[in-house]
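Student: I am new to this structure, and I would like to learn what the terms used for it rest on. Could we look at it together?

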Amino acid sequence: MSGDLTLTSVTKSFGRFTAVDDLYLTIPEGSFFALLGPSGCGKTTTLRMVAGLEEPTAGTITLGEQDITRLKPYKRPVNTVFQSYALFPHLTIAQNVAFGRRRQGHKNVDSEVEKMLELVELQAMAKRRPAQLSGGQQQRVALARALINQPQVLLLDEPLGALDLKLRRQMQIELKRIQTEVGLTFVHVTHDQEEAMTMADTVAVMNGGRIEQLGAPEELYEAPATTFVANFLGQSNLVAGKVVGRDGSVIHLDVEGTAITAGSARARSDEGDVWVGVRPEKVYISEKDEERGDELNCLVGGVVSDVSFVGVSTQYLVRMPWGQELTVFEQNTGNRERFRPGDPVDLLWRPEHTFLLDASQDAAAGVDREGE
Amino acid sequence: MSGARDLPAAPVDKALPGHSDEDTRRRGPAGYLLMLPGGLWLALFFVVPTVTLVSTSLYDPSGSLALGYQMTGHWQNYTQSLSDYSPQIVRSFLYALMATAACVLLGFPLAYAIAFKAGRWKYVMLVAVIAPFFTSFLVRTLAWQYLLGDNEFLVSMLRKVHILGSDGYLLDTPFAVVTGLTYGFLPFMVLPLYASLEKIDPRLLEAGADLYASPLSVFRHVTLPLAMPGLVAGTLLTFIPASGDYINAELLGNPRTRMVGNEIQDLFGAGDYPTAAALSVTLMVAIVVLVLVYVRRAGTEELL
């Protein structure tokens, strides 16, 4: 499409530290794209290169047909909502919003400003100064100040990071609504995986200056490509296993002496040693030796080691015979009693919920998430 | 590291200007007690001398130090001193204005460089700005006498490149006086400017660039307005003492570069206290009026 944002082989080094490493990325026009990763993964640097605030060491950035790699920031049809908002403290809210339009030489911007403030529901604040507004209001001013310029790409650098949880959820919905309404390309940088999944059409998970995986949120979540994605996006149980055979699209595995199966659709690796993964909420925790269907994967002999009640669900830690602790989330439907620590249990899940990853990776990659 | 960009975010839900805090602080005698030492000092060394000065300015000038003065409400002291010394008053303000302008031109880039570009040299540069204070003002001005001297390096070099004629000179000229004033008060310009500039979040400059402002436009619409308090403070700290200065004109000037400070000093020396006092009061009032007008125009009343 004409307005796609394309990064080709983009690298950025600060001295000997490579923040962004040979990055290829195409962000389709009009999409809500999230760059997700822990701090230091290069996502903010990538954003700043698109904004023109940082110059790539190598590679090119194009917007539609135009090469913007070395274009000055003030000449790019790109605007940023900064992490700390960076509102001009000496200007009123209306003047802040009008700033970009005025610098572009537009004279009568009052009605545009008014319309923008209406969009973010801050008409009443037009004459105030940024310091007189709450964090959430400042965030909306920053958004209006960028949006009024109708940039081809709007960059959002952790725009909700400074807000409390409740306000953040509210703003997520608000941002998504505005994006749908104005139809601009949004590139959203965040370390909050829930935020990325709620808002974006496409999520790119970044780690160590590279993209680990890119796709729709469901795709990333259900079929992670690496242990990093499996752990950073939600939680995963990763158990060492071995592929013992294949039967069409069914892969047969051996996990600590138990035979289980997996679908080939979610298999990133289908021979030799693998990490056998399953999401905690996909696992059904059952009483020891309870009746079950043959088609389910089953790991027996577990003992409940920890139970935490978190309202909507209960999170169990189950110690398996080989010593590993697996996590199980169960909805608090109230249909049965909760297990207690020490109860003997079996774990069951559907074969198609299994994903297989290359065993050469670190199973703990991406586990320590910041800010949670 | 790119992670360093993930800096602590903006204050969240900053409390609106509250009352409770200030109310508790205002109550009780603690505030008055804290103001007492400073207040006494001010009364003793500012209010009393000012009253004395103003009353002296109204004494009968026919008296003398030896015989004593009579308080006659002789306001003609003012008209007399104004008509006698208006060239010096005008010259004082002109020189002070030129020195202030020069201080802005020299000091702004310097303060900007220290605040934004100096990196780890920041504090070294700040110390370098303050370092001249370790020597007395008088000695530093005397050093300028030497630097600008007819047979010294600067003048001979300027003669060689024909900027000065073969018998041209620098010392004892208005240029020397303004140069001396500029030098003497430059730190008073740089320090408040630096304090203002240093407080500017560099991300505001990035936001400006992101919002279609060229570097020049960012300076005009973001940097300069935010540096305004420092600029106003700096110009006041430079202009006010420069207007009353007499050492530079004394040591670096000639009889035609005399400033009002020189005349006041001479009048006191000659024992003409009433005229000297009238001239002092005139200078003071003129400065206060100028400063008020200036601060109003600059829109930085909160400084006063």
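This is a predicted model: local features need pLDDT of at least 70, side-chain atom pairs count only at pLDDT 80 or more; totals for chains, interfaces and linings use all residues.

Student: Why is A:L154 called buried?

Tutor: A residue is buried if 20 or more other C-beta atoms lie within 10 Å of its own, exposed if 12 or fewer, and partly exposed in between, with C-beta atoms placed from the backbone. A:L154 has 25 other C-beta atoms within 10 Å, so A:L154 counts as buried. By this rule, 44% of the 372 residues of chain A are buried, and 33% of the 304 residues in chain B.

Student: What does A:L154 touch?

Tutor: Two residues are in contact if their C-beta atoms, placed from the backbone, lie within 7 Å. Leaving out residues up to four places away in sequence, A:L154 touches A:N79, A:A146, A:L147, A:L184, A:T185 and A:F186. A:F186 is 32 residues from A:L154 in sequence, yet their C-alpha atoms are 4.8 Å apart.

Student: Where does A:L154 sit?

Tutor: A:L154 belongs to strand β7 (residues 153–157) of chain A. Helices (H or I, at least four residues) and strands (E, at least two) are DSSP runs, numbered from the N terminus. Chain A has 8 helices and 20 strands, whereas chain B has 12 helices and 0 strands.

Student: What makes β15 and β18 of chain A edge strands?

Tutor: Two strands pair if DSSP finds at least two bridges between them. The open sheet has 5 strands in the order β15-β19-β16-β17-β18 (chain A), with antiparallel pairing. In this sheet β15 (284–287) and β18 (325–331) of chain A each pair on one side only, and that makes them the edge strands.

Student: How do you know that β16 and β19 of chain A pair?

Tutor: Strand β16 (residues 297–309) and strand β19 (residues 344–349) of chain A share 5 bridges in the antiparallel sense, and the rule asks for at least two, so they count as a pair. Across from A:G302 stands A:V345 in β19(A).

Student: How many residues does each chain bring to the contact between A and B?

Tutor: Chain A gives 36 residues and chain B gives 26 residues. On chain A, β2 (17–27), α1 (43–51), β6 (78–81), α2 (93–103) and α4 (135–147) each supply at least two residues of the side touching chain B. That side has 15 nonpolar, 17 polar and 4 charged residues; Ala, Val, Leu, Ile, Met, Phe, Trp, Tyr, Cys and Pro count as nonpolar, Asp, Glu, Lys and Arg as charged, and the others, Gly among them, as polar.

Student: Which residues of chain B carry the annotation "transmembrane region"?

Tutor: The unreviewed UniProt entry gives that annotation to several spans of chain B, including residues 93–116 and 276–295. UniProt positions are given in the numbering used here, feature names are shortened, and annotations may be inferred rather than shown by experiment. In the model, residues 93–116 of chain B are 100% helix, with end C-alpha atoms 33 Å apart. Residues 276–295 of chain B are also 100% helix, and their end C-alpha atoms lie 28 Å apart.

Definitions and conventions:
Residues are numbered from 1 along each chain as its sequence is written. Chains are lettered from A and ligands numbered from 1 in the order in which they are written.
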